[in-house]
Amino acid sequence: MAALPVYRWRLAPDGYATRRQLRAQGLRPGGQGVAAQLERPRRRRGPLVAYLYRVDCAKPVRPMTPAKWAALAKANAARRRCPACRRDAGYVIPTSLGTCVPCAYPGPYGPEGST
């Protein structure tokens, strides 16, 4: 197996892109392997590494189907539902709290608030 070419940070030749850069162009790696890597040196730790893919071998991103849109909407709705009071909080429940803010910090009038 041949070793991957390694480039310094911001010095990769044209024709290579990271996954994020491919996605910004509406592309995906499409099954190809890593073609090269970037290394950014750091002082006290090992270098930061970014993997590069060839742009000419990349394929277009697959479009979202109605079933995928429905599944994504259902997953986002589940992230907004409080497990304690079972209400839609109107925002994504913070994982640090695990419940909506009124349930996590109940006031003297309970989770309903002071209204």
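Q: What is the relative accessibility of D88?
A: The model is a predicted one, in which local features need pLDDT of at least 70, side-chain atom pairs count only at pLDDT 80 or more, and totals for chains, interfaces and linings use all residues. Residues are numbered from 1 along each chain as its sequence is written, and side-chain values use heavy atoms, with hydrogens and water left out. Buried stands for under 20% relative accessible area, exposed for over 50%, and partly exposed for the range in between (1.4 Å probe, protein chains only). D88 therefore counts as partly exposed, its relative accessibility being 45%.

Q: Which residue forms a salt bridge with D88?
A: A salt bridge here is a side-chain nitrogen of Lys or Arg within 4 Å of a carboxyl oxygen of Asp or Glu. The partner of D88 has its closest N and O atoms 3.5 Å apart, and it is partly exposed with a relative accessible area of 28%. That partner is R80.

Q: How many salt bridges does the count come to?
A: Side chains of opposite charge can pair when their charged atoms come close. In the latter, D56 is exposed at 59% relative accessible area, whereas R54 is partly exposed at 36%. The count comes to two.

Q: Which residue of β4 is the bridge partner of R8?
A: β1 and β4 run parallel and are joined by three bridges. Y7 has L38 as its bridge partner in β4. For R8, the bridge partner in β4 is E39.

Q: Do β4 and β5 run parallel or antiparallel?
A: In β5, Y51 is the bridge partner of Q37. Five bridges join β4 to β5, and these strands run antiparallel.

Q: What is the area of the nonpolar surface patch made by L4, V34, V49 and Y51?
A: Patches consist of residues with over 30% relative accessible area and no salt bridge, where like charges are joined within 9 Å and nonpolar side chains (Val, Leu, Ile, Met, Phe, Trp, Tyr) within 5 Å; areas come from the Shrake-Rupley method with a 1.4 Å probe. V34, in the loop between β3 (27-28) and β4, is partly exposed at 31% relative accessibility. The patch made by L4, V34, V49 and Y51 is about 310 Å².

Q: Which residues form the positive surface patch?
A: Lys and Arg count as positive, while His and the chain ends are not counted, and the place of an Arg charge is taken as CZ. R42, one of the patch residues, is found in the loop between β4 (36-40) and β5 (48-54) and is partly exposed at 32% relative accessible area. The positive patch is formed by R10, R40, R42 and R45.

Key: Helices (H or I, at least four residues) and strands (E, at least two) are DSSP runs, numbered from the N terminus. Two strands pair if DSSP finds at least two bridges between them.
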